[in-house]
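I kept to strand order, pairing and packing.

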Amino acid sequence: KVLFLKDRGGNRGVLISLDLVGIGRPLSQRVCQRLKESFGLGRGQIAIFTSHTHSGPVVGLNLAPMHFMLADESQQKRIAAYADRLVDEIESAVGMAIKESRPSRIQWGSGKATFAVNRRENKPYDAIEEKRSTGSLAGPVDHDVPVLSARDLSGQLFAVVFGYACHATTLAASQWDGDYPGYAQVEIEKLHPECTAMFWAGCGADQNPLPRRKLELARKYGAELARAVNDVLTSPMPVLQPVLRSQYIETQLPFQDVPDGEQLKQTAQSTNRYEAARARVLLEQLKKEKSIPGTYPYPIAVWKLGNEIDFVHLGGEVVVDYSLRLKDELNGTRTWVAGYANDVMAYIPSRRVLAEGGYEGGGSNVYYGLPGLWHPESEAKIIEAVHAHDQSMKGENP
């Protein structure tokens with residue numbers, strides 16, 4: 001789904017929402033190159049969001065070690081074919097959004113939904129209901145539900161873009177499903193039949209919908225999120241000034257302890273099939289590129305919506321510390337922080353979570369094929385880049 005924006009000064013932007021687990025850098029670059037060729041859109045004018053549903057198809061090279069291990073040659077061809085089709089479909093959707101654009105009023109608001117639980121600090125999960133009833137759930141959470149609405153000049157609502165910081169992992173069966181974000185979009189579109197609903201995932205890398213593992217729970221959480229969005233839509237919503245500004249950069253985040261070729265060859269023989277699969281993926285990279293880079297080009301974007309909203313787009317599976325910190329340091333509930341944006345290359349722990357370790361702190365890097373853990377200064381570099389974006393755009397004339 002796509003929302004195309006163009007302000008009174010001619011500045012353009014496209015918000016693209018994908019009900020998929022993630023999109024990797026190579027495929028994201030292909031999409032952006034196609035949109036540049038077809039519509040003249042620059043990189044800073046393109047935002048690609050993924051819902052992170054775990055019940056969708058494999059997407060290109062995203063989570064490559066898992067596919068490398070499981071998929072045979074015929075499946076690999078199907079994975080590549082789907083990625084090719086996805087680029088075509090995104091181009092088509094952007095083209096339709098541009099063609100069908102109309103003078104509109106853009107409004108914003110913020111609601112609340114409380115089903116997200118800090119999954120690191122509330123184990124065992126079978127005690128969640130009791131903890132929730134007694135108000136004893138632990139750990140940081142972000143229960144805000146940012147909402148952006150688009151109405152034509154007659155007042156007809158035709159698009160809603162909303163976010164929430166929680167993993168889309170209610171379900172665990174091998175069946176196509178959008179999980180709770182999908183059900184939330186369906187419910188909103190039932191309430192507003194002329195409207196297209198679009199979801200973006202917030203900084204929910206360490207947040208789970210709990211309890212989970214039942215279809216009725218995915219529907220329940222989707223309905224709760226849809227109610228939160230609808231409460232905003234049916235309340236007075238401030239109108240955004242018709243001003244759009246956007247910036248995109250890639251900042252180099254360093255790794256710790258990058259292995260050399262001999263170490264990778266040894267690990268490729270490991271009885272740990274995930275470690276072995278990652279080593280084989282890295283050996284293929286070493287063969288093609290002659291080296292394993294010690295840094296990663298991490299994507300960061302900031303969009304200024306009107307003079308009110310700072311919409312921050314961060315790549316990867318970002319833990320909740322980032323959204324809480326940026327809201328505190330920037331503009332409160334007028335600061336919206338999306339994770340899983342533009343490139344989902346790994347988990348992005350805060351310095352705190354990195355030090356604590358565990359799955360979000362670095363154990364998950366093996367499944368993404370990263371050569372090592374992130375450097376402890378990664379959080380500082382990301383936050384510094386966001387602030388630099390924000391300050392530079394404050395100096396621009398709207």
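I note at the outset that the model is predicted. I looked up the strand order and found an open sheet of 3 strands, β1-β2-β3, with mixed pairing. The edges are β1 (2-6) and β3 (46-50); each has a single partner strand, so one side of each lacks a neighbour in the sheet. From one strand to the next, I read an average twist of 15 degrees.

I then checked the pairing of β2 with β3. Strand β2 (residues 12-18) pairs with β3 in the parallel sense, over 5 bridges.

Helix α1 does, touching β2 and β3, and its direction makes about 140 degrees with that of β3. Helix α3 also packs on the sheet; it touches β1 and β2, and its direction makes about 45 degrees with that of β1.

**Helix pair.** How do the axes of α1 and α3 cross? I found that the axes of α1 (residues 25-39) and α3 (residues 73-99) come within 10 Å and cross at roughly 40 degrees. The two helices are therefore oblique to each other. I recorded the crossing as right-handed.

I listed the residues in contact. On α1 they are Leu27, Arg30, Val31, Arg34, Leu35, Ser38 and Phe39. On α3 they are Ala83, Asp84, Leu86, Val87, Asp88, Ile90, Glu91, Val94, Gly95 and Ile98. Sorted by type, the residues of this contact come to 10 nonpolar, 2 polar and 5 charged.

**Four-stranded sheet.** I turned to the sheet with 4 strands. This one is open as well, in the order β4-β6-β7-β8, and its pairing is mixed. Strands β4 (104-112) and β8 (196-201) are at the edges, each pairing on one side only. Neighbouring strands are turned against each other by 15 degrees on average, with direction ignored.

I followed β4 to its partner. Strand β6 (residues 144-152) runs antiparallel to β4, and 9 bridges join the two. I picked serine 110 and found that its bridge partner in β6 is proline 146.

Which strands does helix α5 touch? Helix α5 (residues 179-191) packs on the sheet and touches β7 (157-164) and β8. I noted that the direction of α5 makes about 155 degrees with that of β8.

Methods: Residues are numbered from 1 along each chain as its sequence is written. This is a predicted model: local features need pLDDT of at least 70, side-chain atom pairs count only at pLDDT 80 or more; totals for chains, interfaces and linings use all residues. Side-chain values use heavy atoms; hydrogens and water are left out. Axes are lines fitted to C-alpha atoms, for helices over the stretch in contact, and angles run from 0 to 180 degrees between N-to-C directions. Angles under 35 degrees count as roughly parallel, over 145 as roughly antiparallel, 65 to 115 as roughly perpendicular and the rest as oblique. A crossing is left-handed if the near helix is turned anticlockwise from the far one by less than a right angle, and right-handed if clockwise. Contact means heavy atoms within 4.5 Å. Ala, Val, Leu, Ile, Met, Phe, Trp, Tyr, Cys and Pro count as nonpolar, Asp, Glu, Lys and Arg as charged, and the others, Gly among them, as polar. Two strands pair if DSSP finds at least two bridges between them.
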